[in-house]
Amino acid sequence: MPDLLTHVLVGYSIGTLLSLRDERIRSAQVSLVMAGALSPDLAKVRLFLPADIVQAVVGVPFSWAPLHTLGGTLLVVPLGALLVAPEYRRQAVALIALGAASHHALDVALLTATGESYAVFFPISQYRLPSLDLYLSTDRWPAIVSGALAAVLWAVRRSSTAAQSTRS
């Protein structure tokens, strides 16, 4: 699953760029962006817990697929924010949503090879946006590129925090 790693590394890169710009963003907040970047892929729970089993237990039709849409993201983001202290929830919602938005942007714009993306606006619309078809979810090069970017940003952040600690 190189696409999963790519999403995490892009989330890390976005969070790190924010931390370089805003001193309120620290490692914990960078982790929130990374978690947000993973949140649409909660639909992959189906690999461990098939929808048929959940449907048999709860007794109603069930699918994990809507978690990988904007509607699913609108449900998952506030639930994720409930895991942090109340005074940080507004920031957590923004950072988790930013990570999830990066995930959807990568998937919709770049990921699918069929010429169209998934129904990202479900349940509002079944329309499938056109895709740029730059890479497949099985390609390794996006993970390598995003890993290199994340490594560079890690070094920049580390050197900037070291420079700040020597000044004080």
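Which residues form a nonpolar patch on the surface? I found Leu47, Phe48, Leu49, Ile53, Val57, Val58 and Val60, with about 720 Å² of accessible area together. I took areas from the Shrake-Rupley method with a 1.4 Å probe, only the protein chains shown counting as cover for residues.

I noted that this is a predicted model, in which local features need pLDDT of at least 70, side-chain atom pairs count only at pLDDT 80 or more, and totals for chains, interfaces and linings use all residues. Residues are numbered from 1 along each chain as its sequence is written, and side-chain values use heavy atoms, without hydrogens and water.

I located Phe48 in the loop between helix 2 (27–38) and helix 3 (51–58); helices are DSSP runs of H or I, at least four residues, and strands runs of E, at least two, numbered from the N terminus. Phe48 counts as exposed because its relative accessibility is 75% (exposed is over 50%, buried under 20%, partly exposed in between).

I then listed the largest nonpolar core, which has 12 residues, including Leu9, Tyr12, Ile25 and Val30; its members are buried Ala, Val, Leu, Ile, Met, Phe, Trp, Tyr or Cys, joined through side-chain atoms within 4.5 Å. Helix 1 (2–21), helix 2, helix 4 (70–81) and helix 5 (89–111) each give two or more residues to this core.

Notes
Patch = residues over 30% accessible without salt bridge, like charges linked within 9 Å, V, L, I, M, F, W, Y side chains within 5 Å. Salt bridge = Lys/Arg side-chain N within 4 Å of Asp/Glu carboxyl O. Buried < 20%, exposed > 50% of the residue type's maximum accessible area, 1.4 Å probe, protein only.
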